[in-house]
Amino acid sequence: MLENIYADYQKSLLQGSSRKCFQTIQHLLDEGWPILRIYEDWFTPSLKEVGEMWEHNKISVAVEHLATATTEHMMNMLGPHIFTADLNGKKALVSCTENELHQIGARMVADIFTLHGWDALFLGANTPKRDLIDMVESHQPSVVALSFNIFFNASTFLSTLDELLESDKPLDIIVGGQALKGGSQNMLHDRPSVVHMKSIGALQEYLESQAS
Ligand code: B12
């Protein structure tokens, strides 16, 4: 039963048993789970549960860090299943804005671009605004994707968007993440060209529609 497999995985994750966690991920791959499904239906709910346990003091910060680092380890092991498509000549830059430390969603976004043949530059967490803008200017991606998860980072997130919108080069800006759920995406009303995507599934649909 899938629920039992999930419960065992979660137990191994909280113990930091990478070996056991990877056996489960290998099992999902053997069962034909695509990367998108492993990301959306396995790692995302698993870490959500870790967050709830942390919030309710059922686990320490150290255990949360262990589970997070173990999940990132699992994602690193998936490389052979991600670098599968030929490069399509398009480049995306994926990052978290300044002060945003939640980088796993952004990493998933970068992997979805890679899966579709894009050259995805993944900058990770907490990229200083000036440096991010400089990198966009020097690498000239056609898409910048930003992950925004903690609402108190809104002012930096919005000012980064505004600087990117001033670019005189053609640039699509895609945003997502937990801080844009539940009505707070209204902050994008004044920035109609910025595309909010609710999930990496939506990103995949967008990339497939671009390819056809
Ligand atoms: C791990 C973690 C951390 C780690 C992050 C380390 C790392 N390497 O990323 C650390 C310890 C740094 C951390 C810090 C904090 N955290 Co934290 N953290 C988490 C936790 C447990 C998991 C986050 C995660 O990776 N989730 C899995 C990913 C895959 O989910 P995701 O980010 O939502 O991404 C998905 C979608 O949103 C979407 N997506 C995301 N970005 C984008 C972008 C685009 C373009 C697209 C298309 C889609 C997309 O696709 C992803 C796939 O499904 C969450 C719990 C949770 N519910 O997620 C809390 C959580 C997010 N953290 C929380 C809090 C409060 C904090 C702190 C403020 C704690 C503190 N007091 O210091 C700090 C803030 C730090 C900061 N300045 O950013 C709260 C946020 C509550 C809120 N509503 O604001 C949560 C929800 C925990 C909780 N239940 O209370 N955290």
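Let's start at Thr97, which touches Asn126, Thr127, Leu146, Ser147, Phe157 and Thr160, leaving aside residues up to four places away in sequence; contact here means heavy atoms within 4.5 Å. This is a predicted model, where local features need pLDDT of at least 70, side-chain atom pairs count only at pLDDT 80 or more, and totals for chains, interfaces and linings use all residues. Residues are numbered from 1 along each chain as its sequence is written, and side-chain values use heavy atoms, without hydrogens and water.

Thr97 counts as buried because its relative accessibility is 0% (buried is under 20% relative accessible area, with a 1.4 Å probe and protein chains only). Thr97 sits in the loop between S1 and H6, and His102 is found in the loop between strand S1 (91-96) and helix H6 (104-115). Through NE2, His102 is the only protein donor of the ligand's cobalt atom, at 2.3 Å (donors are N, O and S atoms within 2.8 Å of the metal, or 3.2 Å for Na, K and Ca).

Now follow S1 into the sheet, an open one of five strands in the order S2-S1-S3-S4-S5, with parallel pairing (two strands pair if DSSP finds at least two bridges between them; strands are DSSP runs of E, at least two residues, and helices are runs of H or I, at least four, numbered from the N terminus). Strands S2 (119-124) and S5 (195-196) stand at the edges with a single partner strand each, so one side of each has no neighbour in the sheet. S1 and S2 run parallel, joined by five bridges, and Ala92 has Ala120 as its bridge partner in S2.

How values were computed. Buried < 20%, exposed > 50% of the residue type's maximum accessible area, 1.4 Å probe, protein only.
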